[in-house]
Amino acid sequence: EGSIAALNYAHSILMVPQSVVSAALATALFPVLAEMISRGAWREAFRTTLRWTIVVMFLSLIPVLVMIFWRHELVTLIFERGAFGRQATEMTSMVVLVLSFTLLVQGSNALVMRLLLAQQQLRLILMTTILAVIAKVAANLALVPGFGLEGVAWATVIAMAIATAARYAGAAWFTRPPAEAT
């Protein structure tokens, strides 16, 4: 009981660093990538995306480590009052621990999505989104029976990582303008 609430509370904690680090940078990087793509510098755009991915992952390590080591304190400080008691804190803290790893993946995903949008690779975005849904369902079926709420959280991390890796592979494949691609 309270599993869905714990997922929602954990997501709300994760949204702050995700918005500050990766979403802001990805938004700022999009016009740069679009300009590179418009002048035919697809490889340069891909390399730029990779460089900034490393930066985002490094910057994301800070909130990930904070959430790993001080998850109980964070959840207690932000939520524990009224009906949100110790059991809810424990459940939410566990989900924060697992989902904190999505910050690394979400940052990478935000950047590669901007590159794919600049390349107008909408079919690739659609296919990798479908892949993410299939991976999420499969991971849930495999993990939830044995791990419960923690399995749901790990399934989220796994599905997001698979989709992001597929998007980077697709972006690498499309580092040439469409006329040159085979």
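Let's start with the core. In this predicted model, the largest nonpolar core has 23 residues. Those with the most contacts inside it are Leu 33, Ile 37, Ala 45, Leu 111, Leu 115 and Ala 171.

Take Leu 115. Set aside its neighbours within four places in sequence. Leu 115 then touches Leu 33, Ile 37, Ala 45, Phe 46, Thr 49 and Ala 171.

There is also a second core, separate, with 22 residues. Met 67, Val 96, Leu 149 and Val 157 are among them.

Next, a helix pair. Helix α2 spans residues 42-79, and helix α3 spans residues 86-99. They pack at about 150 degrees, axes 9 Å apart. Anything over 145 counts as roughly antiparallel, so α2 is roughly antiparallel to α3. The crossing is right-handed.

Who makes the contact? From α2: Met 67, Ile 68, Arg 71, His 72, Val 75 and Thr 76. From α3: Arg 86, Thr 89, Glu 90, Thr 92, Ser 93, Val 96 and Leu 97. By type, the residues of this contact are five nonpolar, five polar and three charged. Note Met 67 and Val 96: both belong to this contact, and both are in the second core.

Last item, a backbone angle. Gln 120 has phi near 60 degrees, a positive value in a residue other than glycine. Where does Gln 120 sit? In the loop between α4 and α5. Is Gln 120 buried or exposed? Gln 120 is exposed, because its relative accessible area is 65% and the cut-off is over 50%.

Definitions and conventions
Residues numbered from 1 in each chain as written. Predicted model: local features only at pLDDT ≥ 70, side-chain atom pairs only at ≥ 80, totals over all residues. Heavy atoms only, no water. Axes fitted to C-alpha atoms, helices over the stretch in contact; angles between N-to-C directions. Helix = DSSP H or I, 4+ residues; strand = E, 2+ residues; numbered from the N terminus. Parallel < 35°, antiparallel > 145°, perpendicular 65-115°, else oblique. Left-handed = near helix turned anticlockwise from the far one by under 90°. Contact = heavy atoms within 4.5 Å. Nonpolar A, V, L, I, M, F, W, Y, C, P; charged D, E, K, R; others polar. Core = buried A, V, L, I, M, F, W, Y, C linked by side-chain atoms within 4.5 Å. Buried < 20%, exposed > 50% of the residue type's maximum accessible area, 1.4 Å probe, protein only.
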